[in-house]
Amino acid sequence: MANQGLFSAAKSMKSVKLKFRIPYFTEWGQSLLVCGSEPTLGSWNVKKGLLLSPVHQDDQLIWTATISVPCQFSCGYRYYVVDDAKNVLRWEMGNERRLSLPHLLPEGHTLELHDLWQTGADALLFRSAFKDVIFCKNSTFNIDRPEAILHDELVQQESILVRFKICCPNVQEGTSVYVIGSSTKLGNWKVQDGLKLHYTGEYIWEAYCEMPWRGCGVAVPMFSVRSEDDIGVGEFLDLKLLVDWAVESGFHLVQLLPINDTSVHRMWWDSYPYSSLSVFALHPLYLRLQALSKNLPEDVKSEIRNAKERLDGKVDSPIF
């Protein structure tokens, strides 16, 4: 059965954004698109839907797209496989997905939907034979609003809000649905301490959980961020390539050693990155000279080319 969606909210200084994320392998010339009931998602017109972009993560092909949405945004949506002209090749089965942002969610968050493609098997349990006959006893469950239990921890920094949501139709009277895991918030794999899910109707059980944010990244000194265009050491413009690589590799953070100006004595020991002369001035060593002006004199261009050829791959950094 497909996961009905993992919902998270990470603190951000930008406006409220909604990020769609779904793993799905396509063939050449195919793309994934999300279309929904609101104008931002095409108002159910696939031609006006939101195209997703692919990125490889481990052994998966992940499709993502981000849009700005107002607070308390709600919509229905569905994923489609389309060609280059946005002609529908196939669409996911099952019920229309529904999204309602928590009413207590503050402005300035980035929200992510972690979905899985719904297959025909996921739609089977919503047919009348199951819904009205076999599993009709579920109608006696009280419908809760899990967002009503959110509290001030939601706005804490260095934390995210996760919504666990699952379709679970065959739940017996007097029983409950829990999610457990390695986190303290999820009971450290103990059912009695796990997170209890609330029944929200249509066989859907969900709960919110505020958890500390975790991510992975790469730490590197600026002079080691080398490219084909630098002159002996990494340069500020090389950071664009580093960030692109980090995104494609699934990293969340890029950490640099200090990049402040250290030209105090104008000797080799000035390369020590923690001895800056200013906390505001960036080191001129990392400027790309050929990008400073389009009208550099020919003798300067020649000097840059000679320096690039002489220093390429031949710069030794001292060890402190």
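Asp230 is buried in this predicted model, its relative accessible area being 1%. Its side chain meets that of Arg226 in a salt bridge, with 2.9 Å from N to O.

A second salt bridge joins the side chains of Arg288 and Asp238, at 2.5 Å from N to O. This pair links distant parts of the chain: Arg288 belongs to the loop between β17 and α4, Asp238 belongs to helix α3, and 50 residues separate them. Asp238 is buried, with a relative accessible area of 2%. Arg288 counts as buried as well, because its relative accessibility of 12% falls under the 20% limit.

Helix α3, which spans residues 238–248, also has a place in the path of the chain between two strands. Strand β16 (residues 217–220) pairs with strand β17 (residues 253–256) in the parallel sense, over four bridges. The chain passes from β16 through helix α3 to β17, and this β-α-β crossover is right-handed. Within the pairing, Gly217 stands opposite Leu253 of β17.

Lys301 counts as partly exposed at 28% relative accessibility, whereas Glu298, at 55%, counts as exposed. Elsewhere, salt bridges that share partners join Glu92, Arg97 and Asp115 into one network. In the whole structure, a search finds eight salt bridges.

The surface also has a nonpolar patch of about 290 Å², made by Val88, Trp91 and Met93. Met93 lies in the loop between β8 (88–91) and β9 (97–100). With a relative accessibility of 40%, Met93 counts as partly exposed.

The chain as a whole can now be considered. Its secondary structure comes to four helices and 17 strands. Of its 320 residues, 40% count as buried. The accessible surface comes to about 19,100 Å², and carbon and sulfur atoms account for 55% of that area. Among contacts between residues at least 6 apart in sequence, 66% join residues at least 24 apart.

Key. Residues numbered from 1 in each chain as written. Predicted model: local features only at pLDDT ≥ 70, side-chain atom pairs only at ≥ 80, totals over all residues. Heavy atoms only, no water. Pairing = 2+ DSSP bridges. Right-handed = clockwise from strand over helix to strand, strands pointing away. Buried < 20%, exposed > 50% of the residue type's maximum accessible area, 1.4 Å probe, protein only. Contact = heavy atoms within 4.5 Å. Areas by Shrake-Rupley, 256 points an atom, 1.4 Å probe, with all protein chains shown as cover. Patch = residues over 30% accessible without salt bridge, like charges linked within 9 Å, V, L, I, M, F, W, Y side chains within 5 Å. Salt bridge = Lys/Arg side-chain N within 4 Å of Asp/Glu carboxyl O.
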